[in-house]
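Colleague: Hi! Could you walk me through this one while I have it open on my screen?
Modeller: Happy to, let's take a look together.

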Amino acid sequence: MFAMDNSALYRNPKGDLSFGKFKRDPFHYLWVQKLSSSMVEDQLDCAFLCVRDPKCYSFNLAAFPNSNGLYLCDLLGTDKYRETKTFQANATFHHYSPPSPCESTPCKNDAVCFPENKWNSYPCVECKPGFFGNHFERAGNKTCSQIKLLNLTSGYYVIDPDGEGGVKPFKVYCNMTDKDGVGVTVVSHDSESKTLVDGFPGRGSYSRNVTYNETSLLQLASLTASSTHCEQFIKYDCYYSRLLRKDKMYGWWVSRDGEKMKYWGGVDSAMDNKCACDLNKTCADPKYGCNCDKLDRTWREDSGLLTNKYKLPVKQLRFGDTGNTNDDMGYHTLGKLKCFGLI
């Protein structure tokens, strides 16, 4: 039996030859249950004890001797790669583990690197949900509706709607309780808060570009293509400010492909110059298809869901007819993009 400088930890099943190499982490301690404790003369004696014990994978050795010149040697049944959270700085001990391919942190997405010292190899285990590959480097689920099939809870996940070789996977929030628990993919952006529009009299002279969190429009297009249904809430609060006003459009939204959209939330995409109130005949002025188009000094609103997944998400918001007088103004609100359903 040898404690060798150029080998990883190896134990012959027949017991006639075993050897190991240990790398020191000065003034560190692995806080796990000990296999045994002994007083030894030096590092080599502690290494021999670990190699001799088939359950030992690393050891803590006192940095300073006692009054008899001996060092406390604690044998451990695991190592710092398996127990990263309990590996800590310490003023009185050094830690020794075999050199490992896990030192390069090859496992991704919170996976644990499990060193196989005999073969100088490793598997990656216990990664975050939604990843696959030898190192759990790739996202495997297309949407949150697919992740829902694994009975996972609401939270942030990485999805890959068009699979390997397509657009880069991206992180989203999965709401596993909304829409009767189907698994809703939710994407946030920088324009969700209620925002004032004032001082922009010309048609569409106010412009607000929408930036989605940690995603591109190309990635979101892959999400909508992989979902049966997508929606986005849109709202305009108005005070003496027109919105669509038949063909004299003062406000509109822009699709992901840059198209100027002529309808508002709550109606079908084929109904130009219409808002949700037109469907149930409740618009403030029946001559127009939106409440805001009445153009009076009363706070009104037009709102609803945009549901054409081939146009979503909203890329830009445009408004006007504010600033002509001292009191004409508006506020816009745009909801998160939500997609769900398996294709």
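Colleague: Which ring has Lys-194 over its face?
Modeller: That is Tyr-331, and Lys-194 lies 4.9 Å from the ring centre. Keep in mind that this is a predicted model.

Colleague: Okay, and what about Lys-171, which ring does its charged end sit over?
Modeller: The charged end of Lys-171 sits over the ring of Tyr-156, at 5.7 Å from the centre of that ring.

Colleague: While we're on rings, how many aromatic pairs does a search of the whole structure find?
Modeller: The search finds 13 aromatic pairs. One of them joins Tyr-29 and Trp-31.

Colleague: What is the geometry of the pair of Tyr-29 and Trp-31?
Modeller: The pair is tilted, with 50° between the planes and 4.4 Å centre to centre.

Colleague: And is Tyr-29 buried or exposed?
Modeller: Tyr-29 counts as buried, because its relative accessibility of 6% falls under the 20% cut-off. Trp-31 has a relative accessible area of 49%, so Trp-31 is partly exposed.

Colleague: Which residues do ring pairs link into a cluster?
Modeller: The cluster consists of Phe-200, Tyr-206, Tyr-236, Trp-264 and Phe-319, linked by ring pairs.

Colleague: Over how many bridges do S3 and S9 pair?
Modeller: S3 pairs with strand S9 (residues 93-97) over 3 bridges, in the antiparallel sense. Within S9, Tyr-96 is the bridge partner of Arg-24.

Colleague: Zooming out, how many helices and strands does the chain have?
Modeller: The chain has 5 helices and 25 strands. Of its 343 residues, 46% are buried.

Colleague: And what share of the contacts with a separation of 6 or more comes from residues 24 or more positions apart?
Modeller: Those residues account for 64% of such contacts in the chain.

Colleague: Last one: what does the accessible surface of the chain come to?
Modeller: About 17000 Å², and 50% of that belongs to carbon and sulfur atoms.

Terms used: Residues numbered from 1 in each chain as written. Predicted model: local features only at pLDDT ≥ 70, side-chain atom pairs only at ≥ 80, totals over all residues. Heavy atoms only, no water. Pairing = 2+ DSSP bridges. Helix = DSSP H or I, 4+ residues; strand = E, 2+ residues; numbered from the N terminus. Phe/Tyr/Trp six-rings, centres within 6.5 Å; stacked < 30°, edge-to-face > 60°. Buried < 20%, exposed > 50% of the residue type's maximum accessible area, 1.4 Å probe, protein only. Lys NZ or Arg CZ within 6 Å of the ring centre and 35° of its normal. Contact = heavy atoms within 4.5 Å. Areas by Shrake-Rupley, 256 points an atom, 1.4 Å probe, with all protein chains shown as cover.
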